[in-house]
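Dear colleague,

I am passing on the structure below, together with some notes on its aromatic side chains and their surroundings. Please read the notes with the coordinates open beside them.

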Amino acid sequence: MLEIPFIRDNTKLIKERLQVRNFPNVELIDKIVTLDEERRKTQQSLDSQKSESNKIAKSIGELYKSGKTDEANSLRAKTAELKESNKQLEEKLRNIELEIRENLVLVPNIPHESVPAGNSDEDNEKVKEGGTIPQLSENAKAHWELMEQHQLMSLDLGSKITGAGFPVFIGKGAKLQRALVAYFLDKATEAGYTEYIPPLLVNDDTAFATGQLPDKEGQMYVVQDGFYMIPTAEVPVTNVYRDSIVKESEFPIKMTAHSQCFRREAGSYGAHVRGLNRVHQFEKVEIIQIAHPDKSYEALDQMVAHVESLLLDLNFPYRIMRLCGGDLGFTSTLTYDFETFSAAQNRWLEVSSVSNFLTFQSNRLKVRYKDENGKTRLAHTLNGSALALPRIIATLLENNQTADGKINIPEVLRPYTRFDTIG
């Protein structure tokens, strides 16, 4: 959530930046400011009356001691009136604070000044492009054909066991996925990230703290007892530091995790969602940082460089896109998407998003630190996919296929797979 003091002091700027998002309810900002003014006035009235009540209570004791019973009884009647009035003010204050919160959670993070205006991914801005797109033979196959040919994965078996969009990896397909996870985790730990194995189920408080609720509940699976299946390891791992005050010397706090991820994303038909292009269960390695506010954009650049290094090691053609306002996630102020080029499908596939949330998540999480003056401040949070496996595997299989139907394994993965080719 945006911080109230920030909203109060930057109303015009916030409205302007939210227009870059095409956010339709900018009037919420004025409403929040008005409610906050009412909250402060109510709090002042309550504080004033409580102060008066305390003074009267002290006077009553002194009057009784001096034998002025009638005056004391009169003041006791006055305190009874104030007590009732205080209850009403406290109830009013609770209702105002609740209404402020209900409106705050509807307001997304404001885009960074570098975020371009736009309506969809077609308006995203290309920041960088690297690697070489391979020239495949005329008989090149898409990854779903390759996986069937080499018995690496079955969506039909997953559909039989669970439902559409739940793949089953088999043989060398399973080993390849395990190798990618191990490689990505090793690279993250080499970069200073501490590895976690988080729960795959989270509660309401956890999902709210990272911004999944109330924005993305339609994309998450809800299970018995009100738990949610995680859409990404970002959710449980960032919550490790919920309700914490960390030492300034601890920054940056760097965490990584591999997990299964579950998303109910509305399905559609066509080649763009065939095979591994869109599934409901997949594996991903996530990197997360909790950073000093003065260093979070530096941390973002480091995370972007880390993801780029993985794609370079895999020898993938890639591009880095700065998301436009209309494609920016609810909680993010600035996001870079990584896309790899799938040569057999002749299209770009998103494989990672790296985002800075500033204090938007930490305000919900209550992740704080004390600055050099002893003042408690909110930290900044960031996260990124490093990397999501389905489209990485799709790109790897398609771009490394040979004319005779084999698939070459990238050299960096061979110590993990213990095989050089498939087929």
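Leaving aside neighbours within four places in sequence, Tyr193 is in contact (heavy atoms within 4.5 Å) with Ala188, Lys254, Met255, Thr256, Ile287, Ile288, Gln289 and Met303. The model is a predicted one, in which local features need pLDDT of at least 70 and side-chain atom pairs count only at pLDDT 80 or more, while totals for chains, interfaces and linings use all residues. Residues are numbered from 1 along each chain as its sequence is written, and side-chain values use heavy atoms, with hydrogens and water left out.

Tyr193 is found in the loop between α7 and β4 (194-196), where helices (H or I, at least four residues) and strands (E, at least two) are DSSP runs numbered from the N terminus. With a relative accessible area of 4%, Tyr193 is buried; buried means under 20%, exposed over 50%, and partly exposed in between, with a 1.4 Å probe and protein chains only. One of the contacts of Tyr193, Lys254, lies over the face of the ring at 4.7 Å from the ring centre. In a second case, the charged end of Arg364 sits over the ring of Phe208, 4.3 Å from its centre; the criterion is NZ of Lys or CZ of Arg within 6 Å of the ring centre and within 35 degrees of the ring normal.

A search of the whole structure finds six aromatic pairs, that is, rings of Phe, Tyr and Trp (its six-membered ring) with centres within 6.5 Å, counted as stacked when the planes are under 30 degrees apart, edge-to-face when over 60, and tilted for the rest. Among them, Tyr183 and Tyr416 are edge-to-face, because their centres are 6.0 Å apart and their planes stand at 70°. This pair links distant parts of the chain, with Tyr183 in helix α7 (residues 172-190) and Tyr416 in helix α13 (residues 414-417), 233 residues apart. Tyr183 is buried, at 4% relative accessible area, whereas Tyr416 is partly exposed, at 30%. Together with Phe184, Tyr183 and Tyr416 form one aromatic cluster.

Phe251 and Tyr369 also form an edge-to-face pair, at 5.2 Å centre to centre and 85° between the planes. Phe251 lies in the loop between β7 (244-246) and β8 (253-262) and Tyr369 in strand β13 (residues 367-370), so the pair ties together parts that are 118 residues apart in sequence. Phe251 is buried, with a relative accessible area of 14%, and Tyr369 counts as buried at 0%.
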